[in-house]
Amino acid sequence: MGQGKIRILGISGSPRLASTDWAIREALRYAGENNVVETAYFSVMKKKIAFCIHCDHCIRKRKGCIFTDDMEEVYELMQWADAYIIGSPVYQGNISGQLKTLFDRTRAILAKDIHVFEGKVGSGIAIGGDRTGGQEPTLRTIHDFYILNHIFSVGGGAFGANLGASFWSKDKGASGAEADKQGIKSLHRTLDRLIAVTLKLKK
Ligand SMILES: Cc1cc2nc3c(=O)[nH]c(=O)nc-3n(C[C@H](O)[C@H](O)[C@H](O)COP(=O)(O)O)c2cc1C
């Protein structure tokens, strides 16, 4: 990593390459326009991520998870990054099951090293098919993940983006997210704050 640069990891919690994938890619494109930012992307689509089975292997051995699957890539990327932009489709008023499973599985690297996420920063994107379909609980769940794991939780700021980026896809996939100008505005504002806070913390 170059001097003074920050690394942002985008994670899409959708099993499809559709609206959430589009929003994360747009977030990384926008962030990447800033020459102090390096980016990486991970989507849960077609990934093998087993449920946490609470075997406590990670707690007892402190060597990571008992499973070897696509979380290996997530563990590596999450340790590489200084900041996260995590997006989820709204499922039953909250995050997708795939993203919840990914969150549960991070317990293994926290058990190995309690400081693993310290000093890192995170923001969220929620995309619902309905205008008020549960975007705010979805964002709160993403922020709860940050708070629980010693990651500084960053919203988009008052008067526009509040808890983070919120999209109404109208169930139209990528074109639905792209047509939501208000959603895009909230996304850019969220990224502006995420970058500013991460830079401040890195100084
Ligand atoms: C199982 C399931 C549950 C859903 N629940 C909600 C919901 O509670 N509220 C909502 O606004 N949209 C809901 N949707 C619609 C998706 O959130 C919406 O289409 C979103 O844009 C999908 O993201 P994607 O295009 O990245 O897959 C649901 C979709 C699925 C498949």
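I started with S19, which touches I127, S169, G173, A174 and A177 when residues up to four places away in sequence are not counted. Contact here means heavy atoms within 4.5 Å. The model is a predicted one, in which local features need pLDDT of at least 70 and side-chain atom pairs count only at pLDDT 80 or more, while totals for chains, interfaces and linings use all residues. Residues are numbered from 1 along each chain as its sequence is written, and side-chain values use heavy atoms, with hydrogens and water left out.

I placed S19 in helix α1. Helices are DSSP runs of H or I with at least four residues, strands are runs of E with at least two, and both are numbered from the N terminus. Is S19 buried or exposed? S19 counts as buried because its relative accessible area is 7%. The cut-offs are under 20% for buried and over 50% for exposed, with partly exposed in between, using a 1.4 Å probe and protein chains only.

I then listed what surrounds the ligand. There are 17 residues around the ligand, and S19, T20, V90, S169 and D171 come nearest. A residue is counted as near if one of its heavy atoms lies within 4 Å of the molecule. By class, this shell holds five nonpolar, nine polar and three charged residues. Nonpolar covers Ala, Val, Leu, Ile, Met, Phe, Trp, Tyr, Cys and Pro; charged covers Asp, Glu, Lys and Arg; the others, Gly among them, are polar. I noted that α1 (19-32) and β4 (121-128) each give at least two residues to the shell.

A polar side-chain atom of S19 is 2.7 Å from an oxygen atom of the ligand. For G93, a backbone N or O atom lies 2.8 Å from a ligand oxygen atom. For D130, a polar backbone atom is 2.9 Å from an oxygen atom of the ligand. The ligand on its own has 640 Å² of accessible area, and the protein covers 76% of that. The areas come from the Shrake-Rupley method with a 1.4 Å probe.

**Entry: strand β4**

How many of the residues of β4 are buried? Eight of its eight residues are buried. I sorted them by side: V121, S123, I125 and I127 point one way, and G122, G124, A126 and G128 point the other way.

I then checked which strands pair with β4, where pairing takes at least two DSSP bridges between two strands. β3 and β4 run parallel and are joined by seven bridges, with Y84 opposite G122. β5 (residues 152-153) pairs with β4 over two bridges, also in the parallel sense, and there F152 is the bridge partner of V121. β6 (residues 165-168) runs parallel to β4 with four bridges, and F167 in β6 stands opposite I127.

In helix α3 (residues 71-80) I found M71, V74, Y75, L77 and M78 buried. Their cover includes β1 (6-12), β2 (37-43), β3 (83-89), α4 (97-105), α5 and α6 (135-148).

L110 is in helix α5 (residues 107-112). I put L110 down as buried because its relative accessibility is 14%. Its contacts beyond four places in sequence are V116, F117 and N149. L110 and N149 are 39 residues apart along the chain, and their C-alpha atoms are separated by 7.7 Å.

**Entry: the loop between β2 and α2**

A50 is in the loop between β2 and α2 (57-61). I put A50 down as partly exposed because its relative accessibility is 27%. Leaving aside neighbours within four places in sequence, A50 is in contact with F67, D69, T101 and R105. The C-alpha atoms of A50 and Q98, 48 residues apart along the chain, are 9.4 Å apart.

K46 is also in the loop between β2 and α2. I recorded K46 as exposed because its relative accessibility is 77%.

**Entry: positive phi**

Most residues other than glycine have a negative phi. I looked up two with a positive value. K46 has a phi near 60 degrees. N162, not a glycine either, has a phi of about 35 degrees. N162 is in the loop between β5 and β6, and I recorded N162 as partly exposed because its relative accessibility is 48%.

How values were computed
Polar contact = N/O pair within 3.5 Å; in protein donor to acceptor, adjacent residues only side chain to side chain.
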